Amino acid sequence: MIDLKDIRKVFNEGKAHALTAVDGVSLSLEARQVTVFRGPSGSGKTTLLSLVGCMARPTQGRIVLEDREITSLPERFLTEVRRSTFGFIFQQFNLVKGITALENVMLPAYPLGESHASLKRRARELLDLFGILPRESSRSEWLSGGEAQRTAIARALINDPPVIIADEPTAHLDTKLSREFMDIVARLKASRKTVIIAIHDPLVYESPVIDRVVTMRDGRIEAAGP
Amino acid sequence: MRIWIEKQRNVIDFTLSSLARRKGKNIALLLVYTLLVFLLASVMFFTHALRKEASLVLQGAPEIVVQRMAAGRHDLVPGTYMDAIRAIRGASDVHGRLWGYYFDPVMRANYTLMVPQDFSFGEGNIAVGHGISRSRFAYAGDLLSFRRYDGEPMVLTISEVLSPASELVSSDLILISERDFRRLFGMAEGMFTDIVLTVRNAKEVATVAGKVQKLLPDTRPIMKSEILRTYDTIFDWRSGLIVVILSAAVLAFVIFAWDKASGLSAEERKEIGILKAVGWETSDVLLMKFWEGTTVSLSSFLAGVLLAYVHVFFTDVVLFEPVLKGWSTLYPTFKLVPYISAYQVATLFFLTVVPYTVATIIPSWRAATIDPDSVMRS
């Protein structure tokens with residue numbers, strides 16, 4: 001589904017403090033599988049996720065999404081690919097403060113022009129799916145860690161993307177909530193979503209839900225898994 | 001089209017909840033902005049309505065006023081001049097006018113005394129304007145004393161207080177009989193303050209004025225159009241004076257608005273990053289910022305204009321009255337007829353709403369063009 005060909009990402013290229021975050025990564029990611037990138041801090045996991053999710057462009061190399069080369073697409077088209085293909089769950093959840101959980105879930109779909117009533121109905125369904133419908137009117141900063149994460153997951157799913165990308169999703173969760181998160185991942189997999197996770201939490205990468213573990217170090221792939 | 005409308009609706013919805021999140025800051029901005037629009041719109045509405053009023057008053061005025069000049073000063077004109085003017089083709093309804101000013105040392109005010117063509121109250125009687133009646137506590141039937149040119153006292157009876165409807169021009173006016181006027185000022189029979197005439201054909205006004213000047217070289221014919229122009233100049237000058245004073249306020253607002261609009265806080269930057277990360281295009285972010293700027297500036301504009309309308313047409317311009325209406329002791333109290341020029345409102349709109357909206361968009365555009373992956377690293 002996603003092919004990475006000799007991907008390299010250098011920050012501050014040509015400057016004294018240039019940093020190579022990803023260095024010559026080639027990899028194929030299968031659809032409807034749960035793939036985990038693991039490795040120590042600074043190994044390039046997050047950068048690789050942002051490249052796969054069309055949030056940034058590689059310095060070198062090509063990314064092919066279902067036979068479509070997306071690296072050279074103009075910003076507008078890249079945004080369209082990002083919006084229709086990927087849903088993101090961030091390490092800090094990145095919910096917008098001051099607005100309700102429901103509004104946060106609806107946010108990614110606002111520019112698509114769906115009627116407000118229908119969008120609201122879908123967002124409530126998602127909140128209900130993750131058991132946080134009673135908190136729909138709560139401001140995002142009033143939500144607990146688990147509630148915030150489930151709101152972030154609902155937000156990632158509002159545009160019904162085929163791929164979910166999660167960056168260190170259990171970093172701020174205790175063991176119980178981390179296990180609940182893995183249950184949600186299992187449900188996502190069951191609903192034929194492709195899930196890509198960057199993590200260094202063994203609870204996640206040792207979970208039976210995971211299909212493949214890719215180990216990274218210093219911007220390179222150390223082990224690409226089965 | 002439906003999708004476009006829904007998109008605008010959703011983005012506006014989010015914009016409004018965004019504005020509500022920074023309530024204190026936005027309400028302060030809204031108040032300052034409204035105050036500024038209110039002040040500017042008040043000056044504009046008021047001067048425009050006054051000018052309109054003056055031109056309406058002058059509509060019934062004669063086309064030409066002929067004054068006699070002596071050593072460059074306005075002098076009394078002999079009645080015989082009227083015969084020469086009547087002989088000019090096109091000139092009609094030629095008659096002499098008697099009017100002048102009387103300084104009242106009690107009130108330290110100047111009254112305008114005028115002899116109307118058809119003064120019905122008879123000798124010994126006068127009609128006074130509302131301003132005089134108010135300040136002297138004098139009403140119909142009361143006596144008003146004057147000091148004649150030779151120092152002798154002269155007492156006249158008030159027969160009527162003039163209608164408040166005409167107060168702009170009649171606040172300090174006293175209507176008096178011809179004989180009393182001449183006695184008060186010691187003006188000889190057959191002499192007049194000036195001569196007025198009507199010209200039937202509007203295109204001939206300038207020609208008739210030229211003929212008057214030629215026939216009577218020591219006179220100065222003044223056309224109605226010249227008076228209107230003078231009014232315009234005076235009101236323009238006065239409103240200009242206020243605008244100059246207000247420009248300091250405008251400048252302060254510009255600095256305030258620029259600071260508010262251009263300085264995106266770290267939180268706002270992060271928010272833009274989140275929006276981009278969840279799939280908003282740069283243009284969507286700019287659309288949101290456009291609606292944000294428009295909401296603030298348009299609400300302030302409408303509120304400011306509405307308040308200015310009430311201020312000018314319902315409260316008699318309490319704030320600027322002394323500067324704009326004149327320096328006379330007898331301020332007229334009158335209701336202006338609401339009159340707004342679309343051109344002026346449009347000018348005000350483009351001077352206030354557009355710059356602010358642009359100032360809001362530019363910094364957001366800079367923030368919105370950053371890669372969304374910055375959110376992943378925050």
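Helices H5(A) and H6(A) are roughly parallel to each other, since the angle between them is about 20° and angles under 35 degrees count as roughly parallel. Please bear in mind that this is a predicted model. The axes of H5(A), residues 145-157, and H6(A), residues 175-190, lie 11 Å apart. Their crossing is right-handed. On the H5(A) side, the contact is made by Gly145(A), Gly146(A), Gln149(A) and Ile153(A); H6(A) contributes Leu177(A), Glu180(A), Phe181(A) and Ile184(A).

Let us now consider a pair in chain B. H1(B), residues 2-21, packs against H10(B), residues 282-314, at an angle of about 60°, with 9 Å between the axes. H1(B) is therefore oblique to H10(B). This crossing, too, is right-handed. Among the residues in the contact are Phe14(B) and Leu16(B) of H1(B), and Leu287(B) and Trp291(B) of H10(B). The contact comprises eight nonpolar, three polar and two charged residues.

Which residues have the most contacts inside the largest nonpolar core? They are Val105(A), Leu127(A) and Ile165(A), in a core of 76 residues. Helix H5(A) supplies the largest share of this core, six residues. Beyond its neighbours within four places in sequence, Leu127(A) is in contact with residues including Ala101(A), Val105(A), Ile132(A) and Ala154(A). A second, separate core has 35 residues, among them Tyr111(B), Val128(B), Ile174(B) and Phe181(B). Thank you for your attention.

Definitions and conventions: Residues numbered from 1 in each chain as written. Chains lettered and ligands numbered in written order. Predicted model: local features only at pLDDT ≥ 70, side-chain atom pairs only at ≥ 80, totals over all residues. Axes fitted to C-alpha atoms, helices over the stretch in contact; angles between N-to-C directions. Helix = DSSP H or I, 4+ residues; strand = E, 2+ residues; numbered from the N terminus. Parallel < 35°, antiparallel > 145°, perpendicular 65-115°, else oblique. Left-handed = near helix turned anticlockwise from the far one by under 90°. Contact = placed C-beta atoms within 7 Å. Nonpolar A, V, L, I, M, F, W, Y, C, P; charged D, E, K, R; others polar. Core = buried A, V, L, I, M, F, W, Y, C linked by C-beta atoms within 7 Å. Buried ≥ 20, exposed ≤ 12 C-beta atoms within 10 Å, placed from the backbone.
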